[in-house]
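Please read the sequence below alongside its model.

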Amino acid sequence: MSDSGSGSGTSADEILDIVDENDRVIGQAPRGEAYARGLRHRCVFVLARDAEDRIFVHRRTPTKLVFPSLYDMFVGGVVGAGETYDDAALREAEEELGVAGLPRPSHLFTFLYDDGGNGTWWSAVYEVRCELEVRPQAEEVAWHAFLPEDEVRRRLGTWEWVPDGLAAYERLRAYRAGRGVGGDR
């Protein structure tokens with residue numbers, strides 16, 4: 001789950017929709033409070049591929065609010081209050097890749113991620129083709145590269161990955177293999 005904000009105020013102050021187990025909005029709270037209290041919210045995960053079908057992989061900066069310095073094969077982040085998943089996916093992908101004019105990401109599936117005790121969040125998984133020159137945000141991304149998918153899979157056991165991104169990637173692999181994603185929508 002990314003910490004990127006919508007550009008207004010600090011990321012901890014960004015207002016999020018709080019949702020129930022059926023992904024219905026039941027209130028709003030600042031991001032910092034949602035994280036601290038483990039309030040269920042919404043996130044987007046966007047797998048970006050280049051013209052050669054390689055996956056954008058990055059290492060998060062050490063100053064990130066959650067999962068600092070870990071690797072991720074998705075760009076994305078929280079869905080702001082009143083924002084749609086689709087709009088958040090495009091906004092987050094353009095912000096984190098540092099591009100403008102990206103095609104609208106394609107929604108694949110949505111699942112409820114449980115981090116094992118600190119909270120849950122509805123996670124919408126998307127993919128997009130990025131043929132633009134990327135200029136990732138320095139405050140978000142410490143290192144990046146487009147890697148072939150077989151190399152990403154080889155790195156799964158050697159690099160420390162963000163846990164929700166890893167869960168989304170495993171579900172994406174099952175989805176592509178036609179095994180579904182188990183109770184997700």
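Is α2 largely enclosed by the rest of the structure or largely open, and how many of its 13 residues are buried? Helix α2 is largely enclosed, because 10 of its 13 residues are buried; buried means under 20% relative accessible area, with a 1.4 Å probe and protein chains only. This is a predicted model, in which local features need pLDDT of at least 70 and side-chain atom pairs count only at pLDDT 80 or more, while totals for chains, interfaces and linings use all residues. Residues are numbered from 1 along each chain as its sequence is written, and side-chain values use heavy atoms, with hydrogens and water left out.

The buried residues of α2 include Y85, A88, L90, R91 and E92. They pack against strands β3, β4, β6, β7, β8 and β9, where contact means heavy atoms within 4.5 Å. Just after α2, G98 takes a positive phi of about 70°.

The chain as a whole has four helices and nine strands. These are DSSP runs numbered from the N terminus, helices being H or I of at least four residues and strands E of at least two. Along the sequence the pattern is β-β-α-β-β-β-β-α-β-β-β-α-α. Of the 185 residues, 52% count as buried.

What lies inside? The largest nonpolar core has 34 residues, and among those with the most contacts inside it are V57, M73, F74 and W161. Such a core is a set of buried Ala, Val, Leu, Ile, Met, Phe, Trp, Tyr and Cys residues joined through side-chain atoms within 4.5 Å. Elements giving two or more residues to this core include β1, α1, β7 and α4. The largest share, four residues, comes from β7. M73 touches residues including V46, F56, V152 and Y169, not counting those up to four places away in sequence. A second, separate core of 22 residues includes W122, Y126, V134 and F146.

Strand β7, residues 106-114, also holds T110. T110 is buried, with a relative accessible area of 3%. Its side chain makes a polar contact with the side chain of H107 at 2.7 Å; a polar contact is a pair of N or O atoms within 3.5 Å, where within protein one must be able to donate a hydrogen and the other to accept it, and residues adjacent in sequence count only if both atoms are side-chain atoms.

Note on methods. Buried means under 20% relative accessible area, exposed over 50%, partly exposed in between (1.4 Å probe, protein chains only).
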